[in-house]
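These are my notes on a first reading of the model. I set out to look up how some of its parts pack together.

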Amino acid sequence: MATTATIYHNPRCSTSRNTLALLKENGLEPTVIKYLETPPSRDELQALLDAARLTPSRAIRKKESLYKELNLAEASEDELLDAMVANPILIERPLVVTDKGTVLARPVDKVREIL
């Protein structure tokens with residue numbers, strides 16, 4: 001069982017809220033980072049994605065209107081990462097870190113891999 005957890009959380013997202021509830025149900029009091037208010041730096045985001053074995057193209061919210069507005073469909077991985085840092089709403093959520101690993105908890109049950 002994981003002993004520590006951090007969730008990159010958007011309280012307006014039901015998946016993020018459900019993941020936070022699941023962490024608490026499993027006895028964890030995670031550190032909650034509201035990443036829209038306190039976005040990760042480029043290096044922090046790259047480290048999170050690396051730990052979760054994700055590329056920016058797999059961790060960006062393609063359904064977000066800003067994705068289309070910024071014409072990111074043809075962007076390079078570096079350009080996607082820069083867009084995510086500049087516009088944290090583009091970061092897919094929730095990212096969860098425990099002492100057992102890092103996952104993008106979509107679907108919510110994916111977080112069980114690191115509990």
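I count a contact wherever heavy atoms lie within 4.5 Å. I also note at the outset that this is a predicted model.

Entry on a strand residue. I looked up Thr102 and found it in strand β4, residues 101-104.

Entry on a helix pair. I then turned to helix α2 (residues 42-51) and helix α4 (residues 77-86), whose axes come within 10 Å and cross at roughly 120°. I therefore describe α2 as oblique to α4. The crossing in which α2 passes α4 is right-handed. Which residues make the contact? From α2 I note Arg42, Leu45, Gln46 and Leu49, and from α4 I note Asp78, Leu81, Asp82, Met84 and Val85. I sorted the residues of this contact into five nonpolar, one polar and three charged.

Entry on the buried side of α4. I find Leu80, Leu81, Ala83 and Met84 to be the buried residues of α4. Viewed down the axis of α4, these buried residues fall within an arc of 160°, so I conclude that they line one face of the helix. As their packing partners I record α2 and α3 (65-69).

How values were computed:
Residues numbered from 1 in each chain as written. Predicted model: local features only at pLDDT ≥ 70, side-chain atom pairs only at ≥ 80, totals over all residues. Heavy atoms only, no water. Axes fitted to C-alpha atoms, helices over the stretch in contact; angles between N-to-C directions. Helix = DSSP H or I, 4+ residues; strand = E, 2+ residues; numbered from the N terminus. Parallel < 35°, antiparallel > 145°, perpendicular 65-115°, else oblique. Left-handed = near helix turned anticlockwise from the far one by under 90°. Nonpolar A, V, L, I, M, F, W, Y, C, P; charged D, E, K, R; others polar. Buried < 20%, exposed > 50% of the residue type's maximum accessible area, 1.4 Å probe, protein only. Arc of directions from axis to C-beta.
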